[in-house]
Amino acid sequence: MLIAHDHPLADLTAAGVSIWLDDLSRELLAGGRLEALVADRGVVGITTNPTIFASALERGERYTPRLRELAATGASVEDMVFAITTDDVRAACRVLRPVYDRTDGADGRVSLEVDPGLAHDAEATIARARELWAAVDEPNLLIKIPATTDGLGAITAVIAEGISVNVTLIFSLERYRDVIDAYHTGLETAAFNEYDVSAIHSVASFFVSRVDTAVDARLDAIGTDRALAVKGKAGIANARLAHEIHVESLVSPRWRRLAAAGARPQRPLWASTGVKNPDYPDTMYVSGLAIPGTVNTMPGATLEAFADHGTVPAIVLEEVYGPAQDVLDEIAELGIDYREVTDELERQGVRKFADSWDELADTVRGQLDRGLTEKTASKR
């Protein structure tokens, strides 16, 4: 069954937004569930992160046979994590390959993250990106690299080698400009080295709801009516201004030279679009960022909420950039240091994903321990 023409998600697709799912598991891959989401919900991409994989392992036993097989070969826990994550992403890439072919590579993408513990080690990030790219060996893979200061150099290096990248954990407008520069520099190097730049793709994952969570806490602490009136506005305003930067980058002479060589634009991707404050509409980060030429990656609950009651407003970009800047100006006038907020969000984001990576390894150890216990018990 194809996505209904009058479905809210169909309206979102018609508005030029690519719908990606922020989830992946063997349960999702089993029995055609991912194919159904592509057909019924218009999903055209997948993003993953260590938290998603840790949750997937905890939810069921589908990973147990593969873990036992790997254990029998003497594989380390790190090798097992590498194997099961690349297995799942490879399988998802194959499911989404028809979308990739139909969209000339723009969609049908699946993202796989470099170990977040390497976020401040450019050389190690580059090496792991190469390993993941080779292991999955599917053209519709995106390697996720965080937009830390060290990550920027790694992004340029792997783009220069023809590896497509999802730049993740972007919070500030200043850092987003750096990300665009890193992408363009990588493309220029790739072109100089005679790579086919038209085959290199990238998205820039700009996080949304976490900005509101951080700013709202500071607004609550101020507690005035003026402060409380700005709650829930920073995340969308920040993202809309990021889109303005994206638009400006596409009319620069530098980009025009790259486009003439066949390069593809690095699309903005709206991440962290699940609403964390129950007082806010559960689809606000989708409706408020329904901008043509962007990607919105949604948790399953947000996807279903939008399918049920989402709306796609007519967003006139020239009319939203100014008010978005007004929001950030108001926050600054209230005494909130925007740079401090975004710097802390980056540190928290890296730390959270690194902790989830450790949790993923611990979950693998736990499953192996349970498997050994069950095997011992069955022999008694």
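Glu-359 sits in helix α17 (helices here are DSSP runs of H or I with at least four residues, numbered from the N terminus). Glu-359 counts as partly exposed because its relative accessibility is 33%; buried means under 20% relative accessible area, exposed over 50%, and partly exposed in between, with a 1.4 Å probe and protein chains only. This is a predicted model, in which local features need pLDDT of at least 70, side-chain atom pairs count only at pLDDT 80 or more, and totals for chains, interfaces and linings use all residues. Residues are numbered from 1 along each chain as its sequence is written, and side-chain values use heavy atoms, with hydrogens and water left out.

Together with Glu-58, Asp-355 and Asp-358, Glu-359 forms a negative surface patch. Patch residues have over 30% relative accessible area and no salt bridge, and like charges are joined within 9 Å. Helix α17, residues 338-379, gives the most to this patch, with 3 residues.

## A look at helix α9

Helix α9 covers residues 173-192, and its 20 residues should span 28 Å at 1.5 Å a residue; the end C-alpha atoms are 29 Å apart, which agrees. The expected span is 1.5 Å times one less than the number of residues.

Among the buried residues of α9 are Leu-173, Arg-175, Tyr-176, His-184 and Ala-190. After α9 comes Glu-194, with a positive phi near 70 degrees.

## Salt bridges

Side chains of opposite charge can pair when their charged atoms come close. A salt bridge here is a side-chain nitrogen of Lys or Arg within 4 Å of a carboxyl oxygen of Asp or Glu, and the count comes to 27. One of them joins Asp-220 and Lys-231, at 3.0 Å from N to O. The pair links distant parts of the chain, 11 residues apart: Asp-220 is in helix α10, and Lys-231 is in the loop between α11 and α12. Asp-220 is partly exposed at 41%, and Lys-231 is partly exposed at 25%.

Arg-226 and Glu-333 also meet in a salt bridge, at 2.9 Å from N to O. Here helix α11 holds Arg-226 and helix α16 holds Glu-333, 107 residues apart. Arg-226 is partly exposed at 41%, whereas Glu-333 is exposed at 56%.

Back in helix α17, Asp-343 and Arg-339 lie 4 residues apart, about one turn of the helix, and their side chains form a salt bridge of 3.2 Å, N to O.

Notes. Patch = residues over 30% accessible without salt bridge, like charges linked within 9 Å, V, L, I, M, F, W, Y side chains within 5 Å. Areas by Shrake-Rupley, 256 points an atom, 1.4 Å probe, with all protein chains shown as cover. Lys, Arg positive; Asp, Glu negative; His and termini not counted. Charge placed at Lys NZ, Arg CZ, Asp CG, Glu CD. Helix = DSSP H or I, 4+ residues; strand = E, 2+ residues; numbered from the N terminus.
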